[in-house]
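Visitor: I'm new to this one. Can you walk me through its salt bridges?

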Amino acid sequence: MEEMRSINMNGEIEKLEIAEAVQAGERALESLQKAGERLGKAKNWSLIDLFGGGLFTDVMKHSRLKETKTYLEEAKKDLKEFRRELKDVQMFLNLDLEISDFLKITDIFFDNPVSDYMVQSKIRQAKEQLDEAVCQVENMISDLKQLRDS
């Protein structure tokens, strides 16, 4: 009888750990999606800048990039928590998110098609990386839910 209670308790604890991992994953996913939305807006401003924008366009683009960075910092914290929760259920996630801002001063100071293109390229790369992170987190959440429901 004692053994049955122990097995049942372990199953309940495992389900609780999985539920906590799902919640942490959903928070991370939401943060990543918010960052993606802001990065999309920066990309739009970058396209305008590439085809003849000016200082105002640069300021708007970099404002959106700054917002993206804020959301990415939140996403990093959420992903760290997600990784911690995943360890509790013996699962692992390997993601590294960075948006480079070394081009910001060059882009605003020189404001020419070459610097505009470089920034556009960096935004595109960051968007691809972010989209991949969203996909990985979505897949991990799906795996957790399947594990929980089995």
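**Salt bridges**

Guide: Lys145 and Glu26 form a salt bridge, with their closest N and O atoms 3.4 Å apart. A salt bridge here is a side-chain nitrogen of Lys or Arg within 4 Å of a carboxyl oxygen of Asp or Glu. This is a predicted model: local features need pLDDT of at least 70, side-chain atom pairs count only at pLDDT 80 or more, and totals for chains, interfaces and linings use all residues. Residues are numbered from 1 along each chain as its sequence is written, and side-chain values use heavy atoms, leaving out hydrogens and water.

Visitor: Which parts do Lys145 and Glu26 tie together?

Guide: Lys145 lies in helix α4 (residues 113-149) and Glu26 in helix α1 (residues 2-50), so the pair ties together parts that are 119 residues apart in sequence. Helices are DSSP runs of H or I with at least four residues, strands are runs of E with at least two, and both are numbered from the N terminus.

Visitor: How many salt bridges in the whole structure?

Guide: The search finds eight.

Visitor: What about Glu67?

Guide: Its side chain meets that of Arg38 in a salt bridge, 3.2 Å from N to O. Glu67 lies in helix α2 (residues 55-88) and Arg38 in helix α1, so this pair ties together parts 29 residues apart in sequence. Arg38, Arg64 and Glu67 are linked in a network of salt bridges.
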